[in-house]
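Here are some friendly notes to read alongside the model. Take the points one at a time, and keep the structure open as you go.

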Amino acid sequence: MPDPFAELLLRLRRDAGRTQEQQADAINAVSGRDTMTRREVSRYEKFENVPTNHTLAHIAAASGVPFEELLREAKAARARRRRGNVRAEEDQDDVKRRKLLGSAAIGVSAAAEPWGRLAFALSKGSRIDTPAAVALINRAADLHVQELNLSARRLQSAVESHLDAITAALPHAGEHERALTIAAGETAALAGWVAWDLGEYDKAGAYYDVTTECAAKAGHPPLRALALTYASYGAPTPKRKLELLSQASQDVRGHGNATAAAWVLGRHAEEAAAVGDETRALRALDRARFAYDFADHTSEQAWVRFVTPYRMDSLALSVYGQLGRSELTVAADTAVDRLGDELPDGGVVVLGDLGSALLRGGDVEQGVYVSRQFTAASQTKPNTMGKERAAQIAAWLPDSERELAHHLRQFAS
């Protein structure tokens with residue numbers, strides 16, 4: 001009798017409507033490498049081989065299923081191979097309780113979990129229920145928060161897998177279609193941001209286009225603002241950056257968008273400061289702070305949860321530092337007080353902007369001290385924004401800190 005894990009891989013491929021060659025292509029598209037072959041897919045489905053955990057992550061993303069569940073099944077399969085006796089009949093009941101997709105019988109414990117309910121609904125062609133829809137939406141928001149303390153490489157698989165899961169759920173969304181379309185757009189925007197950080201610029205642009213399409217379909221302009229603001233980081237010229245941010249600011253007007261507006265305006269201030277437009281930068285920063293006074297980043301759009309007070313501090317530090325404004329001292333004191341003794345998520349960016357601002361402002365001794373704090377913190381929480389700050393700090397460090405500058409450039413690359 002075939003091994004249950006091999007049957008699972010076969011079923012996942014067939015549920016996706018793919019040949020073995022098409023499955024190999026899908027896995028290669030996720031991994032960014034042309035290493036998977038039809039022959040290897042066949043070997044997995046015949047239980048001649050069990051994928052490595054690295055390959056499992058790509059299979060999960062290509063199939064739109066949770067990596068953790070697929071990993072659990074693979075571990076059980078490896079144990080059976082080590083025993084040298086595939087006890088398919090003995091394990092069959094346990095596997096049936098943990099089918100991922102296409103299952104006709106999901107156990108009570110699995111069906112009680114959001115992923116289990118999603119799998120059950122997909123297998124039956126029925127509508128996604130409210131708890132499962134909420135779980136998918138909340139997961140999209142959680143991924144945006146995780147960006148604060150995970151590297152792009154670690155985040156990419158989770159983001160793309162979740163986007164696949166929402167895509168699979170949408171045809172069954174029923175009354176939840178608009179909410180899941182927005183969640184899909186939020187997830188696609190983050191996938192684009194992660195791809196950009198990894199140097200996959202064409203892929204990033206494609207994901208941002210998906211977000212824009214989701215915004216149009218859902219009639220939700222703030223979602224387009226998310227794509228435009230992410231895209232502004234990688235725009236080719238300062239002029240284009242400001243154009244994208246001006247468009248984004250139009251999309252976040254109105255009630256319920258205060259946090260999104262604060263972030264967009266803060267980014268606008270940052271880019272205006274970068275080109276030396278002091279009047280425009282300070283006006284945008286004032287508007288950003290005013291908007292944030294009326295904001296609640298925990299209850300507005302899901303993705304704005306990363307726009308914490310720490311993120312607003314970092315924007316102010318960036319603007320004042322680039323302009324050489326006297327307000328930098330007060331802003332720095334406020335930021336340091338808010339950070340406290342234990343560095344919170346988002347604190348890496350604050351330290352990066354503070355170190356850069358101090359160095360630009362001529363306070364070299366303090367700037368180097370903070371830069372060393374930033375360097376240590378960024379190793380623990382190597383997020384995208386931390387890498388960008390590392391490059392900025394390296395450019396401003398004095399010649400006496402060549403070793404630190406070299407280390408930061410390596411981290412940024």
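1. Both W193 and Y230 are buried, where buried means under 20% relative accessible area with a 1.4 Å probe, counting protein chains only. Please remember that this is a predicted model, in which local features need pLDDT of at least 70, side-chain atom pairs count only at pLDDT 80 or more, and totals for chains, interfaces and linings use all residues. Residues are numbered from 1 along each chain as its sequence is written, and side-chain values use heavy atoms, leaving out hydrogens and water.

2. How many aromatic pairs does a search of the whole structure find? There are ten; rings of Phe, Tyr and Trp (its six-membered ring) pair if their centres lie within 6.5 Å. W193 and Y230 form a stacked pair, 5.0 Å centre to centre with 15° between the planes, and stacked requires planes under 30 degrees apart. This pair links distant parts of the chain, 37 residues apart: W193 belongs to helix α11 (residues 177–197) and Y230 to helix α13 (residues 221–234). Helices here are DSSP runs (H or I, at least four residues), numbered from the N terminus.

3. W193 and Y230 also belong to one aromatic cluster, together with W196, Y208, Y233, W263, W303 and F306.

4. Look next at Y233: the charged end of R267 sits over its ring, 3.8 Å from the centre. For an Arg, this needs CZ within 6 Å of the ring centre and within 35 degrees of the ring normal. Likewise, the charged end of R81 sits over the ring of F47, 5.2 Å from its centre.

Methods. Rings of Phe, Tyr and Trp (its six-membered ring) pair if their centres lie within 6.5 Å; planes under 30 degrees apart count as stacked, over 60 as edge-to-face and the rest as tilted. Helices (H or I, at least four residues) and strands (E, at least two) are DSSP runs, numbered from the N terminus. Buried means under 20% relative accessible area, exposed over 50%, partly exposed in between (1.4 Å probe, protein chains only).
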